[in-house]
Amino acid sequence: FALDILGGLDGAILAQQITLHFDDGTSYRPDYVRIASDGVTAYEVKGGHLGKVAWSRHGVERFRRARDVFGFAIAFELWAWRDGSWERLE
């Protein structure tokens with residue numbers, strides 16, 4: 001994903017280095033964060049296991065919650081590896 005999708009974009013790419021904290025003490029750590037002149041984007045990346053295992057479902061739930069809470073300042077994108085290529089889901 002980092003090479004295929006993010007490799008051609010400008011800005012700084014951080015891999016699992018940013019943690020967003022919710023008021024209830026829980027947190028979410030995006031797989032990648034891109035900081036560029038056009039803003040900040042958080043990326044959640046899933047492989048072929050999307051929706052098939054509990055930890056994958058929980059990751060998507062945390063992604064959606066973070067998007068709801070922090071979406072005023074950060075763009076959020078959910079990507080999955082499907083049929084041999086990357087597909088943007090949200």
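# Questions on a predicted fold

Trainee: Where is Asp83 found?
Mentor: First, the ground rules. This is a predicted model: local features need pLDDT of at least 70, side-chain atom pairs count only at pLDDT 80 or more, and totals for chains, interfaces and linings use all residues. Residues are numbered from 1 along each chain as its sequence is written, and side-chain values use heavy atoms, with hydrogens and water left out. With helices (H or I, at least four residues) and strands (E, at least two) taken as DSSP runs numbered from the N terminus, Asp83 is found in the loop between E6 and E7.

Trainee: Is Asp83 buried or exposed?
Mentor: Buried means under 20% relative accessible area, exposed over 50%, and partly exposed in between (1.4 Å probe, protein chains only). At 84% relative accessibility, Asp83 counts as exposed.

Trainee: What phi does Asp83 have?
Mentor: Most residues other than glycine have a negative phi. Asp83 is not a glycine, yet its phi is positive, at about 50°.

Trainee: Which loop holds Gln16?
Mentor: Gln16 also has a positive phi, about 45°, without being a glycine. Its relative accessibility is 47%, so Gln16 counts as partly exposed. Gln16 sits in the loop between E1 and E2.

Trainee: In what order do the elements of the chain run?
Mentor: The chain has two helices and seven strands. From the N terminus on, the order is α-β-β-β-β-β-α-β-β.

Trainee: What is the radius of gyration of the chain?
Mentor: The radius is taken over C-alpha atoms, and the globule rule is 2.2 Å times the number of residues to the power 0.38. For 90 residues the rule gives 12 Å; the chain's value is close to that, so the chain is as compact as a globular protein of that length. The radius of gyration of the chain is 13 Å.

Trainee: Which are the edge strands of the sheet?
Mentor: Two strands pair if DSSP finds at least two bridges between them. The open sheet has five strands in the order E1-E4-E5-E6-E7, with mixed pairing. Each edge strand pairs on one side only, and these are strand E1 (12-15) and strand E7 (85-88).

Trainee: What is the bridge partner of Arg34 in E5?
Mentor: Strand E4 covers residues 32-36 and strand E5 residues 39-46. They run antiparallel, joined by five bridges. In E5, the bridge partner of Arg34 is Thr41.

Trainee: How many residues apart in sequence are the parts tied together by Asp10 and Arg34?
Mentor: Their side chains meet in a salt bridge, 3.1 Å from N to O; the cut-off is a side-chain nitrogen of Lys or Arg within 4 Å of a carboxyl oxygen of Asp or Glu. Asp10 lies in the loop between helix H1 (2-6) and E1, and Arg34 in strand E4, so the tied parts are separated by 24 residues.

Trainee: Which helix holds Arg65, the salt-bridge partner of Asp24?
Mentor: The side chains of Asp24 and Arg65 meet at 3.0 Å, N to O. Asp24 lies in the loop between strand E2 (20-21) and strand E3 (27-28). The pair ties together parts 41 residues apart in sequence, since Arg65 is in helix H2 (residues 54-70).

Trainee: What is the relative accessible area of Glu77?
Mentor: Glu77 forms a salt bridge with Arg88, with the closest N and O atoms 3.6 Å apart. Arg88 lies in strand E7 and Glu77 in strand E6 (residues 75-82). Arg88 is partly exposed at 46%. Glu77 is buried, with a relative accessible area of 14%.

Trainee: Which glycine is in contact with Phe76?
Mentor: Contact means heavy atoms within 4.5 Å. Neighbours within four places in sequence are left aside. The contacts of Phe76 then include Leu20, Phe63, Arg88 and Gly71.
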